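Here are some notes to read alongside the model, for anyone opening it for the first time. Take them in any order you like.

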Amino acid sequence: MSTRKQDSAGVSRRSFLTGALKLGATFGISQFLPEFALPVLGETIPGKEKLLVRSVRPTDLETPVELLNSFITPIDLFYVRSHLYTPEVELEDWSLSVGGMVGTPLSLKLDDLKKLPRKTVTVTLECAGNGRAFFDPPVAGIQWGKGAVGTARWTGVSLADVLKKAGLKSGVKYITANGADRPMGKVPDMVRNVPLEKALHPDTVLAWEMNGQPIPALHGFPLRLIVPGWEAAYSVKWLIDLQAADAEYDGFFVKTAYRFPKKPVAPGTILDPKDTAPLLGLVVKSIITTPKHGLKVKVGEKVMVSGFAWAGESDIVKVDVSTDRGSTWRPARLGKEHERYAWRQFFYEWTAPESGSHTILSRATDDKGRTQPVTAQWNQSGYLWNVIDQVRINAE
Amino acid sequence: MLNNQEVLGVLGVLGVLGVLGVRKRRENKMIQSFFRRFNRKTVKFLAISFVLGMVFCFSLKTTAFSQNSILNSQDSQDSQDSQDSQDTSGLPNSDGVEVVRDKCVVCHEADLIVQQRLDRAGWKREIGKMVRWGTKLTDAETEKLADYLALHFGKTKAGASVGLAAKGEAVFLEKCLTCHEADLTEQQQLSKAGWEREVGKMVRWGAQVSEEEKPALVEFLTGKYGVR
């Protein structure tokens with residue numbers, strides 16, 4: 001067994017090396033050598049051993065949802081989404097530039113940022129494509145199940161304080177954010193932009209700490225933009241540059257990706273980007289994390305059904321559970337921890353009334369009255385899957 | 001620590017120097033003047049390294065080869081009864097796999113590819129995106145890729161063995177379209193077990209499918225009309 005494991009690691013390492021050589025041959029070694037040095041297979045993901053590897057490089061890791069059982073997600077269980085290779089940032093060489101339509105362009109070291117007033121926000125980050133694998137017909141992209149979501153405490157400074165220092169000129173509509181990750185070949189750079197109003201909200205932060213420790217490389221060391229309540233691609237990792245601009249950034253990850261049909265379309269319809277609008281806040285959603293799907297229980301045995309519900313910038317007001325395939329619903333108890341942009345844990349005690357296969361459903365409702373749908377709104381990129389969740393349990 | 005390739009590389013360089021040294025009298029001035037700096041012993045040492053290098057090289061090759069064949073035989077045994085693909089990357093061996101390995105497993109591993117389920121049009125769009133992102137493909141390679149990807153990573157998961165499925169398709173065309181058309185089959189989405197049951201039923205109803213033909217037929221049906 002262990003020899004086979006080693007063998008396959010050896011094989012994939014070799015294929016990585018040949019890949020790296022081919023990459024060098026295709027695009028010119030000099031441009032890419034630094035990146036190859038980073039993800040050595042087998043060592044790429046230390047501290048993330050429990051996560052499902054969706055892509056080795058760029059690194060995409062999903063949390064098996066049954067492991068999500070605390071309000072704050074420990075870093076070793078926190079999912080990872082990267083469009084490009086993880087850059088190796090040295091703090092000495094790192095700085096954040098602030099430019100564009102500002103009175104005083106800035107170049108800030110981490111110590112400069114640390115002189116500003118501290119701000120901590122507790123935020124649930126969810127990949128816009130979480131649940132993509134469930135869309136039918138299937139769509140291209142990382143085939144996430146339910147586990148591209150997690151909650152952490154992010155500590156840093158308000159973005160607004162930094163922008164104030166730079167002095168925004170009139171007419172600014174977007175703050176464009178770029179990270180230190182570099183594209184390969186002609187892959188577009190991962191650049192995103194935040195509409196000014198959200199950028200100036202005091203809860204939008206530049207964070208250097210995640211759950212009380214320096215942000216790990218996979219999560220954006222040394223500095224990450226945190227845009228609370230919005231799909232997580234706004235929360236740009238490895239931040240190095242902010243630009244104040246009067247128009248939407250003209251790049252793939254703004255103009256083509258992370259957009260949603262303006263009007264619902266029939267499944268399979270491919271739209272022109274002009275018929276789509278940028279994704280903003282997350283939608284209302286819940287997932288059942290315990291019991292694990294497929295668990296066997298005894299008739300009459302008490303089972304604690306629990307999970308999480310979130311709604312981006314909105315507040316969860318209730319989570320209902322159904323144990324009769326949606327005929328009737330009963331409210332679940334909401335957990336005590338309650339923060340503005342974070343998920344709410346829910347609990348529901350259930351006893352299998354008879355032997356057989358039982359389906360348990362969860363449905364969250366937010367303070368705007370939005371609730372989870374029965375069927376998904378299909379879209380070509382597979383974003384915002386938020387159908388009523390379900391797990392099946394076998395009672396004997 | 002040096003790895004195997006690096007040891008080989010060092011020995012290779014030493015070996016070439018050794019051969020050149022032994023043959024130095026017959027070589028040109030530049031090489032002669034280069035080797036004049038070494039004494040006889042050094043040249044002998046280089047020559048011996050060359051011989052050792054060759055031996056080492058061959059032994060490595062044979063062990064690597066035997067390891068490979070062990071892996072392959074294990075894998076082909078696995079694929080007899082499982083849906084899993086034949087190599088560790090998850091890329092089944094069939095026409096077009098070489099293009100994927102050469103042109104697509106470059107910036108990322110095969111894992112990003114094998115998790116997709118797209119029809120041919122979807123794969124053409126995805127290939128187009130990757131070409132815009134820097135992949136260089138001829139038109140012929142693009143078509144070959146689209147065929148390969150749609151076959152193995154189409155809306156339904158293709159079976160492990162393409163050869164087996166091809167045999168199954170022949171059985172299907174010959175034995176399953178006598179009482180009814182293909183439409184009854186095309187509208188199904190059955191698991192492997194489901195197709196085994198269905199074929200069993202059709203055989204009980206009079207389809208002339210032999211026991212030997214059944215696995216291939218089921219492989220074909222599961223690949224083409226399977227569950228997502």
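1. A word on terms before we start: two residues are in contact when they have heavy atoms within 4.5 Å of each other. Also keep in mind that this is a predicted model. For the complex, the predictor reports an ipTM of 0.73 and a pTM of 0.74.

2. Let's begin with Gln115(B). What is Gln115(B) in contact with, leaving aside its neighbours within four places in sequence? The list is Arg54(A), Gly141(A), Ile142(A) and Gln143(A). Gln115(B) sits in the loop between α5 (111-114) and α6 (120-132) of chain B. Is this residue buried or exposed? Buried means under 20% relative accessible area, and Gln115(B) has 15%, so it counts as buried. As for Pro92(B), it is 23 residues from Gln115(B) in sequence, and their C-alpha atoms are 13 Å apart in space.

3. Next, helix α7 of chain B, residues 139-152. Its 14 residues, at 1.5 Å a residue, should span 20 Å, and the end C-alpha atoms are 20 Å apart, so the two agree. The buried residues in α7(B) are Thr142(B), Leu145(B), Ala146(B), Tyr148(B), Leu149(B) and His152(B).

4. Confidence in chain B is highest in helix α4 (residues 97-104), at a mean of 96, and lowest in helix α3 (residues 40-81), at 44. Residues 57-86 of chain B have a pLDDT below 50, and this stretch makes 25 contacts in the model beyond near neighbours in sequence. Residues 1-5 of chain B are also below 50, with four such contacts.

5. Over to chain A, which has six helices and 23 strands. Of its 396 residues, 53% are buried. If you take the contacts in chain A between residues at least 6 apart in sequence, 71% of them join residues at least 24 apart.

6. Finally, the empty spaces. Rolling a probe the size of a water molecule over the atoms shows where empty space is left.

Key. Residues numbered from 1 in each chain as written. Chains lettered and ligands numbered in written order. Predicted model: local features only at pLDDT ≥ 70, side-chain atom pairs only at ≥ 80, totals over all residues. Heavy atoms only, no water. Helix = DSSP H or I, 4+ residues; strand = E, 2+ residues; numbered from the N terminus. Expected span 1.5 Å × (residues − 1). Buried < 20%, exposed > 50% of the residue type's maximum accessible area, 1.4 Å probe, protein only. pLDDT = per-residue confidence, 0-100.
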